[in-house]
Amino acid sequence: LAAKLLPMTVVFCIVVMAMNSVMYGYLGFPCQCGMFFMNVICCLLVLATQSIAIFVYGLFPTMRISLSVGSFFSVMSLSLSGFTFPASAFPTPLKAWPYICPVREYFLIYTEQALNGFGLYYSWTYIVGLMLFCLLPLTVMGRIKRIYDNMIYNP
């Protein structure tokens, strides 16, 4: 699993670093915290989203279902991250949704660090949140190992 994800992780991290270089360097977007910090946070976002993909696959090992759940999750994450519309104003059934999306954590770090230039103290909970998303696959690794073992021994 790591061998399959490592090339994509490297490519996605290169893409976000190039995107940050264009945004903060060439286009002159404000970045109060420095481009290195934003590159680290973007790479952490890449790892967090890949971790969610592993978690979803561990829950729904059929590729068709896991892709459908992943697509639903990504659409809902971008729509309900709370960045364009305040999460506090969401209807009651949707109030918990932004807190299970790593995109929200990234947007809050981006707002507090890059735009406002607050100290790291104000964003540490969001950074820890992104790191916790990265630990999510550990909860389904045993199940994924059993799935792969059954594929190998029972083709």
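Visitor: Which helix gives the largest share of the nonpolar patch?
Guide: This is a predicted model in which local features need pLDDT of at least 70 and side-chain atom pairs pLDDT 80 or more, while totals for chains, interfaces and linings use all residues. Residues are numbered from 1 along each chain, and side-chain values use heavy atoms, without hydrogens or water. The patch covers about 1100 Å², with Leu1, Phe118 and Trp124 among its members; patch residues have over 30% relative accessible area and no salt bridge, with nonpolar side chains joined within 5 Å and like charges within 9 Å. Four of the patch residues, the largest share, come from residues 124–135, that is, helix 5.

Visitor: Is Trp124 buried, partly exposed or exposed?
Guide: Trp124 lies in helix 5, helices being DSSP runs (H or I) of at least four residues. Buried means under 20% relative accessible area and exposed over 50%, with a 1.4 Å probe. Because its relative accessibility is 47%, Trp124 counts as partly exposed.

Visitor: How many residues of helix 4 are buried?
Guide: Among the buried residues are Arg104, Glu105, Tyr106 and Tyr110. Their cover includes helix 1, helix 2, helix 3 and helix 5, counted by contact (heavy atoms within 4.5 Å). Helix 4 is mostly covered, and of its 14 residues the buried number is 10.

Visitor: How far apart are the end C-alpha atoms of helix 4?
Guide: The expected span is 1.5 Å times one less than the number of residues. The 14 residues 102–115 should therefore span 20 Å, and this agrees with the separation in the model, 19 Å.

Visitor: Which residue with a positive phi follows helix 4?
Guide: The phi in question is near 70 degrees. The residue that follows helix 4 with this angle is Gly117.

How values were computed: Accessible areas come from the Shrake-Rupley method with a 1.4 Å probe; for residues, only the protein chains shown count as cover. A salt bridge is a side-chain nitrogen of Lys or Arg within 4 Å of a carboxyl oxygen of Asp or Glu. Helices (H or I, at least four residues) and strands (E, at least two) are DSSP runs, numbered from the N terminus.
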